[in-house]
Amino acid sequence: MNTSNIRKAGITALLFSSFTLNAQKIEAIPFGNMDHWITRQVKESFVIGGHTQKLYEIGDARDSVAPNKPYVNRHSPWATSSVLATVSGITKGSVTVFPENRGNGKAARLETRVEKVKVLGVLNINVLASGTIFLGHMIEPIKDTKNPQAKLVTGIPFSKKPDFLEFDYKVTTGGASRKINGLSASGSATGTTDKAEVFILLQHRWEDAQGNVHAKRIGTGWERIFQSTSSWKNNHRIPVFYGNMTNQRGYASYMGLKNGAHAYYTRNSKGKMVPIHEDGWGDANDKVTHLIVQFSSSNGGAYIGNPNSKLWIDNVGLGYN
């Protein structure tokens with residue numbers, strides 16, 4: 001693993017611990033046991049009540065942050081959809097990810113929620129946010145609801161080629177999806193059913209002379225969970241397929257290359273947030289430079305889901321046959 005690249009990304013070198021199970025090596029993603037959390041304090045503006053909101057991060061105590069300050073995960077690779085927002089001069093905390101006790105440790109609980117902010121003559125908005133955890137960074141403070149992907153540094157430096165993503169989960173799927181981003185608290189129906197979503201992507205990235213970031217998609221693993229389960233499903237696995245995913249059985253369009261409005265973002269060498277142009281498919285012989293892993297309580301994209309949807313995640317690791 002190229003540790004210099006990891007430090008450039010703002011995270012110190014990550015140590016992936018491993019163990020063998022049934023002749024397969026499972027490599028735990030750092031902090032993937034969900035036992036280590038930081039509690040942040042956000043003092044919200046007086047005009048919306050002046051309450052103190054608690055936000056939770058999956059991380060190391062060395063990454064602690066002062067109240068109402070942006071969070072930077074220098075030691076943990078995980079970021080969450082819980083954010084500090086400052087819109088039209090109004091400060092608010094949005095929390096969609098929570099620690100929850102599980103046995104002697106903890107798990108992550110991801111919830112789809114609707115945030116409501118109303119200030120007479122200044123701001124009146126309802127925004128649905130799915131509970132999400134992912135490898136990368138969240139850019140804070142959030143200042144608007146435009147182009148949400150551009151506020152996420154997606155993925156971390158990585159060089160290996162795992163065969164599957166493994167994790168424990170349980171899920172409550174909320175039912176019909178709605179898009180909520182505006183004056184209406186109920187939004188508009190999408191005609192789809194909300195599902196939890198999990199994916200792992202492996203990319204080979206490079207930057208051109210103009211600072212544009214390009215990538216070939218080397219590996220893909222994707223699952224949408226549509227059935228609720230109240231009991232934990234342990235050691236669940238999503239296989240990683242190498243090469244052109246469109247040739248694989250079970251391929252769906254949402255697993256395809258991400259560009260345009262659907263592109264993921266990163267910081268280039270000049271420190272600017274830019275889209276990652278997935279120029280094509282690689283294969284198992286190509287070098288991997290970055291790993292993307294994401295868990296979400298809803299699957300519809302920005303501002304789409306059902307407020308009753310929840311996803312619990314624990315013990316996230318990478319498997320090698």
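Me: Aspartate 144: buried, exposed or partly exposed?
Reply: Aspartate 144 is partly exposed, as its relative accessible area is 33%. Buried means under 20%, exposed over 50%, and partly exposed in between (1.4 Å probe, protein chains only). This is a predicted model, where local features need pLDDT of at least 70, side-chain atom pairs need 80 or more, and totals for chains, interfaces and linings use all residues. Residues are numbered from 1 along each chain as its sequence is written, and side-chain values use heavy atoms, without hydrogens or water.

Me: Which residue does aspartate 144 form a salt bridge with?
Reply: Lysine 151, with the closest N and O atoms 3.0 Å apart. A salt bridge here is a side-chain nitrogen of Lys or Arg within 4 Å of a carboxyl oxygen of Asp or Glu. Lysine 151 counts as buried, at 14% relative accessibility.

Me: How many salt bridges does the structure hold?
Reply: It holds 16. One of them joins arginine 62 to aspartate 60, and its closest N and O atoms are 2.9 Å apart. Arginine 62 is exposed at 60% relative accessible area, whereas aspartate 60 is buried at 15%.

Me: Which residues are linked in a network of salt bridges?
Reply: Glu100, Arg109, Glu111 and Arg113. Within that group, arginine 113 and glutamate 111 bring their closest N and O atoms to 3.1 Å. Arginine 113 is partly exposed, with a relative accessible area of 32%. Glutamate 111 is buried, with 9%.

Me: New topic. Where is aspartate 194?
Reply: Aspartate 194 sits in the loop between β18 (188–193) and β19 (196–207). Strands are DSSP runs of E with at least two residues, numbered from the N terminus.

Me: What does aspartate 194 touch?
Reply: Not counting residues up to four places away in sequence, aspartate 194 touches Thr173, Gly175, Ser177, Ser297, Ser298, Asn299, Gly305, Asn306 and Ser309. Contact means heavy atoms within 4.5 Å.

Me: β18 came up. What is the strand order in the open sheet of three strands?
Reply: The order is β18-β16-β26, and the pairing is antiparallel. β18 and β26 (304–305) are at the edges with a single partner strand each, so one side of each has no neighbour in the sheet. Two bridges join β16 (residues 176–179) to β26, and two strands pair if DSSP finds at least two bridges between them. Arginine 178 stands opposite glycine 305 in β26.

Me: And β6 and β7, what do they form?
Reply: They form a hairpin with two residues between them, and serine 88 in the turn has a positive phi of about 55°. Five bridges join β6 (residues 83–87) to β7 (residues 90–94), which run antiparallel. Alanine 85 stands opposite lysine 92 in β7.

Me: Last one. Which residues of the largest nonpolar core touch the most other members?
Reply: Trp78, Phe295 and Ile313, out of 38 residues in that core. The largest share of this core, five residues, comes from strand β27 (residues 310–320). A nonpolar core is a set of buried Ala, Val, Leu, Ile, Met, Phe, Trp, Tyr and Cys residues joined through side-chain atoms within 4.5 Å.

Me: What is phenylalanine 295 in contact with?
Reply: Beyond its neighbours within four places in sequence, the contacts of phenylalanine 295 include Trp78, Leu110, Phe167, Val198 and Ile313. Apart from this core lies another, of twelve residues, among them Phe199, Met245, Ala252 and Ile292.

Note on methods
Helices (H or I, at least four residues) and strands (E, at least two) are DSSP runs, numbered from the N terminus.
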